[in-house]
Amino acid sequence: MGRSTDAGLDELLTDLSEPQREAVTHTDGPLLILAGPGSGKTRVVTRRAAYLAATVTEPWHILAVTFTNKAAREMQERIAALSPGEGMTVSTFHALGARLLRIHHDRAGVPPNFTIFDTDDRRKVIKQAIEQCDLSTTNWQPAVVEREISLAKSTMLTAEAYAIEETDWRQRTIARIYEAYEALMTNMAGLDFDDLLMRVALLLGRDSELRDRLEDRYRYVLIDEYQDTNAAQYRIAQLLTQQRRNLCATGDPDQSIYGWRGADIGNILRFEGDFEDARVVRLEQNYRSTKRILSAADALIAGNMQRKEKTLWTDNADGPAVRAVEYDTADEEAHSIAAEFAVLSRQGANLSDTAVFYRVNSLSRVVEEALIRSGVAYQIARGVEFYRRKEIKDVLAYLRVMVNPADALSLLRVINTPPRGIGATTVKRLVAVAEAAGRSVLDLITSGDDLSALGRSAAKVGEFGELWGKLADVLDWPAAKAIEHVVSHSGLRAFYKPVTDAEGGPGRNIDELISAAADFHKQQPDATIRDWLEHTALVSDVDAVESDTGSVTLMTLHAAKGLEFDNVYMIGLEDGLLPMRRFDEDESEDTEEERRLCFVGMTRAKRRLTLSRARYRTSRGSAARTVRSPFLDELPRGEIEWVGGDDRTSRRDDVGMADTSKGLPPDIEQWEVGTLVRHPTHGLGRIMSMHRGAKRTHVDVEFQEGGRRSWVLEFANLVRVAFDEVD
DNA sequence: AATATTCCCGTTTTT
DNA sequence: CGGGAATATT
């Protein structure tokens, strides 16, 4: 056993509540930890891992799986602090998948040096696939097809399986695209995010020998955030624990917020059905939040119908009232919050413990601007965005082709970046020649063939071939050094030089990339460039969040899961935003997930929670009036301090527009963004925006039959339609 | 072939 | 409003 002194064991069990101790000391057999927010789940999980290592197994027999790198890193650190010994595996699902596919590539039927294609790459390949099928990308929107394929993969439907399941013409067509997409990806030795899960699930399902080996290696498996697992992840968890059945799942159905990407809340609800002898531990005492925050959150989540009853309670102080603030405009909202931060900061408060959450990334902009103006330091959780920047993708593309010469997507990106006289037509010819010769483009370029078929561009291509010869041997270098080399010899550095010094300019970003690579190398000296690329492909937004920076943290509600802050601001509590509503979807189903999302956000707060909303918000250009989020109305009146005029009857309805009322519909007060309307010739539509000028009211209506039109409301023959009148 | 210009349309959320 | 793509210009 890793460590077994009695003193050590006692130490692992101190300061635990009864249910916590029960979970920690449960060693063999299925265990479900239903952990409410702030219930000390991480503490239980880390102690349990150390406990297992100290009593029944060795550290290297323990596998813990999380959803983000940040979570994995933190879990690793906290377990390490309990010194259970070396060798435990703590990983994200996707990183684990990549690693297993790498090691067992022959069994999995994937190329050994596959590279991971991110969503941008995947989008491009899907577009290619659609075009290859002679379909138009207007009728078959890449984003829609991408989503469909992604959801198929998350339920382990391969292209073949999907084709068999065909039900209608639409699906049959998507099946064709799916197959074309897979063929392209295979050609390029690329795997997408969903492959990392699907292929592992399928591999484990059919290869019992490998399964046995893995089961012997990973005898105790922990899956964190089990409520957010999709079918493939669920399958992996089951397959890894078939014989020993030492699966410990932790999670909270009330915090399931990834249904939209295939997560199945049923996985956690079904746990006791899957394992009849499962031990279930409920952690319901909250150690994080004040009574007021907890009861507000609890009241909100109680509005969900499909849910396991749960009693959250805390011994913590009442704390200050939860605030609900209504502002007139989003600017005002942002500036007011920024001003509060400025005051706190002046009072010497540490803003590391403060966060702003929002439903959609686009809301960060107003807040950022306000914070800059007020001189408040902030950080934004957006690790992914960094790696999506042009210049960064340019650099990475070079490395990708080196690691995986089949990666034509990256090669075509790189071949004329920076511009070196190889234009679109030349590239097209090059691809055609390669195809005719049955060889790869890179092969063609680098093997010194006769390229005269390319006309006068042949020389340029030849030069690129030479350049490539000089670049390609950095493959074994540490990533930072390799990037430095590539950047200077490819001409990228010089190309970006003119803008290089600008704040956040391309040159600076490349420098940042280099130092990130250097950090990586320091932490994992044995890692190859391929490992580094994999690492960059699998970052999440939260991964970029640092603690103790002294600055306010801005992030989406999704990114906030699992974190906690003293002082939390949630903005944009508006109908249609939070809860988010899309126009083509039936509404009831998603509202519960939206409510959970709101619940997640609220329960991040330890001491102070402020929810706010703006009566007018500018989105993509034009300002539109908003409707207060129904979630605000679901909060217990007594616990909430309302600021800025609370309900619908106050102020906004009597702002001087008296003389415009002439031609307006009689029920104009009930019209707002989202209202359904009928037009004599255009049919049923929905108001997308509403603009009240001094004299005229303008509306923007999107019609069910397609199309979008704007009118001056006084002159449009629009009639309001109630939801229940719609067939 | 490279750069300048206009136009179009829209991401919810993320590994 | 702003990025990306189609289109115009040099």
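Mentor: Helix α27 gives the most to the lining of the second largest pocket, with eight residues. The model is predicted, so to speak of local features requires pLDDT of at least 70 and side-chain atom pairs count only at pLDDT 80 or more, while totals for chains, interfaces and linings use all residues. Residues are numbered from 1 along each chain as its sequence is written, chains are lettered from A and ligands numbered from 1 in the order written, and side-chain values use heavy atoms, without hydrogens and water.

Trainee: What volume does the second largest pocket have, and which residues lie nearest its centre?

Mentor: A pocket is an open set of points on a 1 Å grid over the protein atoms alone, with protein on both sides within 12 Å along at least five of seven lines; lining residues have an atom within 4 Å of a point. Here the space comes to about 2200 Å³, taken as that filled by probe spheres set on the points, which are joined across faces, edges and corners. Of the 50 lining residues, R73, Y387, H535, V539 and D543 lie nearest the centre. Elements supplying at least two lining residues include α4, α5 (93–103), α27 (506–523) and α28 (529–537); helices (H or I, at least four residues) and strands (E, at least two) are DSSP runs numbered from the N terminus.

Trainee: How do the residues of this lining divide by class?

Mentor: There are 18 nonpolar, 14 polar and 18 charged residues. Ala, Val, Leu, Ile, Met, Phe, Trp, Tyr, Cys and Pro count as nonpolar, Asp, Glu, Lys and Arg as charged, and the others, Gly among them, as polar.

Trainee: Which residues come nearest to DNA strand B?

Mentor: A residue is near a strand if one of its heavy atoms lies within 4 Å of it. Among the 27 residues around DNA strand B, R359, G423, S540, T556 and R582 come nearest. Sugar and phosphate make up 52% of the atoms of DNA strand B within 4 Å of the protein.

Trainee: Is T115 buried or exposed?

Mentor: Buried means under 20% relative accessible area, exposed over 50%, partly exposed in between (1.4 Å probe, protein chains only). T115 is buried because its relative accessible area is 4%. The residue belongs to strand β4 (residues 115–117). Leaving aside residues up to four places away in sequence, T115 touches A189, G190, L191, V403, N404 and D407, contact meaning heavy atoms within 4.5 Å.

How values were computed: On a 1 Å grid over the protein atoms alone, a cavity is a set of points where a 1.4 Å probe fits but cannot get out, and a pocket is an open set with protein on both sides within 12 Å along at least five of seven lines; lining residues have an atom within 4 Å of a point.
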